[in-house]
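Trainee: I'd like a close look at how the covalent and charged side-chain links tie this chain together. Could you walk me through that part?

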Amino acid sequence: MTGSRKTSRALVGMLSALFLTTTGCVVMDTSGGPVGSATGPAPQSPPGDAPDAGAEERMARAIFDRVNDERRERGIEPVEWNDQLAEVAREWSTAMAENEQLEHQDVREVLGRDELEGFAGLGENIFTSSGPVPIGVAHVGWMRSDGHRVNVLNPGWNRLGVGVHCAPDGSVWAVQEFGRTVDADRPPLSEEPPPAEPIARPEEDGPSCE
């Protein structure tokens, strides 16, 4: 009887792991954006505070806030919101969902777009789950991954845009686009993974697509 119970628990664990598939990776490019801009874009207000904000906006705002909670916990200057980076992130989260493929876009090509004039560097984190999960699952997954923490806790970034797509099949797709403006008064970008602990926001909660 005990063995059967153990087997049942193991099967439940396996099914849960298959259902909540989360993954992603990091890409960083610092080759410089379009020539001709001596100043970076001014920071903007993040979305998600309005009473009528949709689930995707609220999830994007929660990711943004959690990133800055992690940075403040470690004495790193927070990043500020950028609408252009958020639009890039939203477009890519939707494209990944439509293609059913978790993959990075060519960030060097993205960095060269006219709408990103004033940026000198770009970093990207991506995430997917096969089912609806609280956005804290994505955040904790990124924080527990060495490569993703390089972006979340990189002192060289000063802007961030987030895009979330809730697909009709229930899957969730999220993208973080970190940026460094040409006039950023920040330390150089680092590729060294920071320590995993402490995680300021370890709760796998928050808004979801449901």
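Mentor: Let's start with the cut-off: a disulfide here is a pair of cysteine sulfur atoms within 2.5 Å. Bear in mind that this is a predicted model. Searching the whole structure with that rule turns up one disulfide. The partners are Cys166 and Cys209, with 2.0 Å from S to S. Cys166 sits in strand S4 (residues 159–166), while Cys209 belongs to the segment after strand S5 (172–181), so the bond ties together parts that are 43 residues apart in sequence. As for accessibility, Cys209 comes out at 22%, which makes it partly exposed.

Stay with the segment after S5 for a moment, because Pro198 is found there too. A cis peptide bond joins Glu197 to Pro198, with omega at about 0°. Glu204 is another residue of that segment, and here we get into the charged pairs. Arg144 forms a salt bridge with Glu204, and their closest N and O atoms are 3.9 Å apart. This one links distant parts of the chain, 60 residues apart: Arg144 lies in the loop between helix H5 (135–143) and helix H6 (146–152), and Glu204 in the segment after S5. Arg144 is exposed at 58% relative accessibility, whereas Glu204, at 45%, is partly exposed.

What about strand S4 again? Besides holding Cys166, strand S4 contains Arg159, which pairs with Glu80 of strand S2 (residues 80–81), so parts 79 residues apart in sequence are tied together. Look at the two ends: Arg159 counts as buried at 7% relative accessibility, while Glu80 is partly exposed at 34%.

Now for a local pair. Asp69 and Arg72 meet in a salt bridge, 3.7 Å from N to O. Both are in helix H2 (residues 55–73), three residues apart, or about one turn of the helix. Asp69 is partly exposed, with a relative accessibility of 25%. This pair also belongs to a network of salt bridges that links Asp69, Arg72, Arg201 and Glu203.

Key:
Residues numbered from 1 in each chain as written. Predicted model: local features only at pLDDT ≥ 70, side-chain atom pairs only at ≥ 80, totals over all residues. Heavy atoms only, no water. Helix = DSSP H or I, 4+ residues; strand = E, 2+ residues; numbered from the N terminus. Buried < 20%, exposed > 50% of the residue type's maximum accessible area, 1.4 Å probe, protein only. Salt bridge = Lys/Arg side-chain N within 4 Å of Asp/Glu carboxyl O.
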